[in-house]
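Have a go at each one before you read its solution.

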Amino acid sequence: MIPDPATRACITADEAFAELGIDRTTGYRAIKEGTFPVPVIRVGRLIRVPTAALRRLLLEGRALHSLC
């Protein structure tokens, strides 16, 4: 479950991969290639994913899925 952006602005890359249902290799490759579906924040070697952006992506995906 994605935390509330008001209480936790970012999550780890691994947590984001779990929410998206992708494995680590695929996730890190997408980040490296610039094809990860949300912007990421790099702090040195650390990669963080903004919670609000990930939540928006997943909610849009559910909305599109319900239209089909």
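**Exercise 1.** Work out whether tyrosine 28 is buried, partly exposed or exposed.

*Solution.* Start with the cut-offs: buried means under 20% relative accessible area, exposed means over 50%, and partly exposed is in between (1.4 Å probe, protein chains only). Tyrosine 28 has a relative accessible area of 31%, so partly exposed it is. Before going on, note that this is a predicted model, where local features need pLDDT of at least 70, side-chain atom pairs count only at pLDDT 80 or more, and totals for chains, interfaces and linings use all residues. Residues are numbered from 1 along each chain as its sequence is written, and side-chain values use heavy atoms, with hydrogens and water left out.

**Exercise 2.** Classify the aromatic pairs in the structure.

*Solution.* Rings of Phe, Tyr and Trp (its six-membered ring) pair if their centres lie within 6.5 Å; planes under 30 degrees apart are stacked, over 60 edge-to-face, and the rest tilted. There are 2 aromatic pairs here. For phenylalanine 17 and tyrosine 28, the centres sit 4.9 Å apart and the planes make 85°, so call that pair edge-to-face. Next, phenylalanine 17 and phenylalanine 36 are also edge-to-face, with 5.9 Å centre to centre and 75° between the planes. Put together, ring pairs join Phe17, Tyr28 and Phe36 in a cluster.

**Exercise 3.** Decide whether phenylalanine 17 and phenylalanine 36 are buried or exposed.

*Solution.* Take phenylalanine 17: its relative accessible area is 1%, so it's buried. Phenylalanine 36 comes in at 9%, so that residue is buried.
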